[in-house]
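Student: I've got a chain to go through with you. Can we take it piece by piece?
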Amino acid sequence: AFQADNNIWQMNGDAPVTTMGERVLDYHQYLLEGRLFLVKAGPAAAADQLLAVVRQKPGFSDIFLAPIADPGQRQFFNLGSCPLYCDVAGLAWLPDGSGFVFSRFEKWIGAGEIESKSVIYRYTFADQLMTPLYEIANQAIGRLDISPDGSQIIYEQSGLFDETTGNYWLEPLLSCPCQLWIMNSDG
């Protein structure tokens, strides 16, 4: 299927409205990969880095870290096995740049039927550990962010994802109405 350009661009925060910016990653060089879904520039402690989610196909996502100056030097993270379906829907840096938090919708076959849950994980670079902070069955957690002091996480939650959008680059989006929830970042 045809997919429109999907690259990473950078510009100053005070740039005029008509500014095009500078492309820092041309994703055409990765023809056999999925689509960039989320891109997050690093906080002050990691200002020269970016995190991105690549959606290989619906139900399978990867996260990579790359230097902004050379985003082709990507380092993908091991996010564990995925039995049936695992889609990253939200991503945010830890304020100190030591890792990130992300939300993932997961499906598997259990007791003869498909079961699902959403999980918020913390990944730390130093020990390469992925720690579940919160999970909820049969619900969808979407985009999220973390407070500047790192003490709380805000996230959106809904009963399901919007399956009416056929546009691959828009998914996964929550079906609204949805709710915003706040939790302590220690779970």
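This is a predicted model: local features need pLDDT of at least 70, side-chain atom pairs count only at pLDDT 80 or more; totals for chains, interfaces and linings use all residues.

Student: What does R143 pair with in a salt bridge?
Tutor: E156. The closest N and O atoms are 4.0 Å apart. R143 sits in strand β11 (residues 140-146) and E156 in strand β12 (residues 152-158), so the bridge ties together parts 13 residues apart in sequence.

Student: And E156, buried or exposed?
Tutor: Buried, with a relative accessible area of 17%.

Student: How many salt bridges does the structure hold?
Tutor: The structure holds 3. Another joins the side chains of K117 and E135, at 3.5 Å from N to O. K117 is in strand β9 (residues 113-124) and E135 is in strand β10 (residues 129-137), so that pair links parts 18 residues apart in sequence.

Student: Which residue does R104 bridge to?
Tutor: E106, with the closest N and O atoms 2.8 Å apart. R104 is buried at 6% relative accessibility. E106 is buried as well, at 8%.

Student: Switching topic. How many helices and strands are in the chain?
Tutor: There are 0 helices and 13 strands. Read from the N terminus, the elements run β-β-β-β-β-β-β-β-β-β-β-β-β.

Student: What share of the residues is buried?
Tutor: Of the 187 residues in the chain, 44% are buried. The accessible surface comes to about 10,400 Å², and 53% of that belongs to carbon and sulfur atoms.

Student: Which residues touch the most other members in the largest nonpolar core?
Tutor: L51, V53, I63, F77, L91, F100 and F102. That core has 17 residues. Two or more residues come from each of β3 (35-41), β4, β5 (60-67), β7 (85-93), β8 and β9.

Student: Why would such side chains sit together?
Tutor: In soluble globular proteins, nonpolar side chains tend to be buried together.

Student: Take L91. What does L91 touch?
Tutor: Leaving out residues up to four places away in sequence, L91 touches L38, K40, L51, A52, V53, I63, F100, V101, F102 and L144. There is also another core, apart from the largest one, with 12 residues. Its members include L94, V101, I141 and M183.

Student: Last one. Where is Q56?
Tutor: In strand β4 (residues 49-57). Q56 is partly exposed, at 31% relative accessible area. Q56 and F37 are 19 residues apart in sequence, and their C-alpha atoms are 9.8 Å apart in space.

Conventions
Residues are numbered from 1 along each chain as its sequence is written. Side-chain values use heavy atoms; hydrogens and water are left out. Buried means under 20% relative accessible area, exposed over 50%, partly exposed in between (1.4 Å probe, protein chains only). Helices (H or I, at least four residues) and strands (E, at least two) are DSSP runs, numbered from the N terminus. Accessible areas come from the Shrake-Rupley method with a 1.4 Å probe; for residues, only the protein chains shown count as cover. A nonpolar core is a set of buried Ala, Val, Leu, Ile, Met, Phe, Trp, Tyr and Cys residues joined through side-chain atoms within 4.5 Å. Contact means heavy atoms within 4.5 Å.
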